[in-house]
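The sequence and structure come first.

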Amino acid sequence: MATYYHRAVKDIKDNGFLSAVTIITIALSILIVSAFALFFTNANNVMNHWEKGIRIMAYLKPGISQKNFPDIKRKIQGIYGIQDVNFISKEEAFKRLKEQMKRQSSILMDLNENPLPDAFEISMIASSQSGEKVEEIATKIESLPSIEDVEYGQKWLERFTNIFDLFRLAGYAMGGIFFMAAVFIVANTIRLVIYTRREEIEIMRLVGASEKFIRGPFYIESIIQGTLGGIIGIAVLFITFKLISSNVEHSFKYELLNIKFLSPEFYCGIILCSMFVGWLGCYISLKQFLKA
Amino acid sequence: MIDGKDKSSIIQMFHVHKHYGSKKALIDINLNVSKNEFLFISGPSGAGKSTLLRLLYLGEPVSEGQVLVDGMNLSRISKKRIPFLRRKFGIIFQDYKLISTKTVFDNVALVLEASGKKRKFIEKKVRSVLRTVGIEQRINAPPHSLSGGEQQRVAVARAVVGVPKIILADEPTGSLDSDSADIILNLLKGFHTHGGTVIVATHDKELIRKAGGRILYLKQGRLLGPTPI
Ligand SMILES: Nc1ncnc2c1ncn2[C@@H]1O[C@H](COP(=O)(O)OP(=O)(O)OP(=O)(O)O)[C@@H](O)[C@H]1O
Ligand SMILES: [Mg+2]
């Protein structure tokens, strides 16, 4: 094992340029893929944050008498997935609107009657905050006879989710492509090393070296390259992340932008994956070019 | 017919044929080599001497017939066991086959590394073998910086370092002057005196005369016996 390791390290040194190119290529692939992963985990957090704030507004038909309100409220509360139901009278809604439109309040002043309906503001329990569930609940509420209309931040969130899913798909595709590219690069490096060492390999076989003895160093070499590439890729991403996030934190101090680096489990997983890339590239190359 | 139990023989060939396409390199070879024999295989260029040696260490397979080496039937041996077969041999190749990117030391050490010996042992053993072939002072030189005779001595050192049972020497004195040839011959004789089996393929009559072992002649792929007719 120790001599395998020494031979592998010697190989890497002897083929310095080739090894450097391989390690850099793996590092770049890892960098791009993990940058994507970083973006997605953070975007996902933000989305969850938004979904938590999701409310359904249910507007009452005009002319429904006030004494029916508790009954309607109870009916809404009876639907599965509802956490809280808040009554907002049309007067209160009008007041909120005026507050929000302070500058343009003259427009509202011209209205001699409050055009807003009475409404219920409804929040959902955590497990019912996904797009589909919200839509389901909203449909149920809308079917109540005293409800005229429901409104929820569904449309834009859904569109956003769709775009996000598209991005995620693109991310997976890119991850796959970079994975294959990295495997290909390692395989190619090993192929070239096999080519430059073909005389040596042939002689090793003639003096009775086992396949394990011949192949071992190639595996160690490519796993070292994979590991180094992975560590460098993650390190570069981390440094870039620190630089950018310290700048961003100066300008924004919002809870919303509470971006985090990948979890240790995640980046260790990426480095493991990078080691696997090395192993796989080597395996493919040996299978193809080192027939016994 | 196939008698693997014969204690005194280490190599047996039974009706061995070797063709390359339609070219017949060896025809119906029957050969028995005893333990601790010093055997010469001679004959004109192209007779099939190198081919015969190659069949013994499975450098290539026979086309027909059976080969037994130290109790192993070569037509039945699995790929995994080939390295074990080859470790029974120390081979001096016609073209030396030294690894050009390694030093003299590493070339010789390779045999011991491949059989899993300890670093310390390898260090000592390789030095002592290189001393006996008289090439100690070139231990860290690359092979191409050595003369033909020196390279041949390194090849001999590599052949004996693993303490094989059999040495196969293919034209071991090919391009050497008679003094260098004597050094090589003495090394082979030394190995033989310590109980090893030696097979030398050569057309160097001088070498055969000096060594005085059994001779078999090959001609156009056929084994003739002790006379070249
Ligand atoms: N790989 C091969 N493909 C085709 N023909 C071959 C091959 N190897 C050997 N031969 C042929 O087999 C015959 C025997 O070759 P071999 O090398 O065994 O001769 P040799 O007795 O060792 O000759 P020399 O004294 O020149 O070394 C020759 O005619 C050669 O052309
Ligand atoms: Mg020959």
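A polar contact here is a pair of N or O atoms within 3.5 Å; within protein, one must be able to donate a hydrogen and the other to accept it, and residues adjacent in sequence count only if both atoms are side-chain atoms. This is a predicted model, in which local features need pLDDT of at least 70 and side-chain atom pairs count only at pLDDT 80 or more, while totals for chains, interfaces and linings use all residues. Residues are numbered from 1 along each chain as its sequence is written, chains are lettered from A and ligands numbered from 1 in the order in which they are written, and side-chain values use heavy atoms, with hydrogens and water left out.

1. Polar contacts of ligand 1. A polar side-chain atom of Y20(B) lies 3.5 Å from a nitrogen atom of the ligand. Oxygen atoms of ligand 1 are approached by a polar side-chain atom of S45(B) at 2.5 Å and by a polar backbone atom of A47(B) at 3.3 Å. Taken alone, ligand 1 exposes 630 Å², of which the protein buries 65% (Shrake-Rupley method, 1.4 Å probe; for residues, only the protein chains shown count as cover).

2. The shell around ligand 1. The ligand is surrounded by 14 residues (near means that a heavy atom lies within 4 Å), and the closest are S45(B), G46(B), K49(B), S50(B) and T51(B). Helix α1(B) gives the most to this shell, with four residues. Helices (H or I, at least four residues) and strands (E, at least two) are DSSP runs, numbered from the N terminus. By class, the shell holds four nonpolar, seven polar and three charged residues (Ala, Val, Leu, Ile, Met, Phe, Trp, Tyr, Cys and Pro are nonpolar, Asp, Glu, Lys and Arg charged, and the others, Gly among them, polar).

3. The magnesium ion. Ligand 2 has S50(B) (OG) and Q94(B) (OE1) as its protein donors, lying 1.9 to 2.5 Å from the ion. S50(B) lies in helix α1 of chain B and Q94(B) in the loop between β6 (89-92) and α3 (104-114), so the pair ties together parts that are 44 residues apart in sequence. Donors are N, O and S atoms within 2.8 Å of the metal (3.2 Å for Na, K and Ca); water is not among the atoms, so the site may look incomplete.

4. S29(A). This residue is found in helix α2 (residues 16-52) of chain A and, at 7% relative accessibility, counts as buried (under 20% relative accessible area; exposed is over 50%, partly exposed in between; 1.4 Å probe, protein chains only). A polar atom of the S29(A) side chain lies 2.9 Å from the backbone oxygen of T25(A).
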